[in-house]
Amino acid sequence: MITIDNTLGCFVELWLLLERTRRLHLLQRKRFCIRNILKTWLDHRAKDDFIFEVCLRAETVGWNELPPPQLEPRPHRELLRALTSVTLDIGMRKVDLHALDRAYSIAFPDSMPINVRKRRREIKN
């Protein structure tokens with residue numbers, strides 16, 4: 001069972017869990033989509049209403065195949081953001097995007113950071 005917080009440590013765990021889930025679904029020949037991810041993670045707690053709310057906030061369809069997180073992190077970032085928002089019953093703007101993006105860089109150190117523009121501004125200043 002996973003616990004979801006609006007913290008850097010939790011987001012790192014979620015990014016790593018997302019990659020492990022992708023590999024698991026690949027072995028099981030299951031579609032790597034929001035619906036199956038939530039069913040795998042939350043089991044009986046992932047009711048249709050909960051999945052619908054996460055998909056609505058992530059602005060995607062639950063059955064759409066997701067690319068690997070290391071190649072295209074943005075859809076996964078929105079998934080984790082929406083999941084945190086729905087689970088903690090907070091608005092999407094209350095989710096700590098800085099921590100979420102930093103967690104991605106920690107979980108996948110060899111990948112390009114999600115917000116390259118922010119990084120460049122930090123370097124220039």
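Visitor: Which side chains meet E53 and R57 in a salt bridge, and at what N to O distance do they meet?

Guide: Side chains of opposite charge can pair when their charged atoms come close. Here the side chains of E53 and R57 meet each other at 2.8 Å, N to O, and a salt bridge is counted when a side-chain nitrogen of Lys or Arg lies within 4 Å of a carboxyl oxygen of Asp or Glu. Both residues lie in helix 3, 4 residues apart, about one turn of the helix, where helices are DSSP runs of H or I of at least four residues, numbered from the N terminus. E53 is partly exposed at 26% relative accessible area, and R57 is partly exposed at 24%; buried means under 20%, exposed over 50%, and partly exposed in between, with a 1.4 Å probe and protein chains only.

Visitor: What should I keep in mind about the model and its numbering?

Guide: This is a predicted model, in which local features need pLDDT of at least 70 and side-chain atom pairs count only at pLDDT 80 or more, while totals for chains, interfaces and linings use all residues. Residues are numbered from 1 along each chain as its sequence is written, and side-chain values use heavy atoms, with hydrogens and water left out.

Visitor: How many salt bridges does the structure hold, and which parts of the chain does the pair of R35 and D48 link?

Guide: The structure holds 6 salt bridges. In one of them the side chains of R35 and D48 meet at 2.4 Å, N to O, and this pair links distant parts of the chain, R35 in helix 2 and D48 in helix 3, 13 residues apart. R35 is buried at 18% relative accessibility, whereas D48 is partly exposed at 47%. Leaving aside residues up to four places away in sequence, R35 touches D48, I51, G62 and W63, contact meaning heavy atoms within 4.5 Å.

Visitor: Is D101 buried or exposed, and which residue does its side chain meet?

Guide: D101 is buried, at 8% relative accessibility, and its side chain meets that of R77 in a salt bridge of 3.5 Å, N to O. The pair links D101 in helix 5 with R77 in helix 4, 24 residues apart, and R77 is buried as well, with a relative accessible area of 8%. Elsewhere, salt bridges that share partners join E19, R22 and R23 into one network.

Visitor: At what angle do helix 3 and helix 4 cross?

Guide: Two packed helices are described by the angle between their axes and the distance between the axes. The axes of helix 3 (residues 48-58) and helix 4 (residues 73-88) come within 8 Å and cross at roughly 130°, the axes being lines fitted to C-alpha atoms over the stretch in contact and the angles running from 0 to 180 degrees between N-to-C directions. That makes helix 3 oblique to helix 4, since angles under 35 degrees count as roughly parallel, over 145 as roughly antiparallel, 65 to 115 as roughly perpendicular and the rest as oblique. On the helix 3 side, the residues making the contact include F50, E53, V54 and R57.

Visitor: How far apart are the axes of helix 1 and helix 4?

Guide: The axes of helix 1 (residues 8-28) and helix 4 are 11 Å apart, with a packing angle of about 125°, and the two helices are therefore oblique to each other. F11, L14, W15 and L18 of helix 1 meet P73, H76, R77, L79, L80 and T84 of helix 4.
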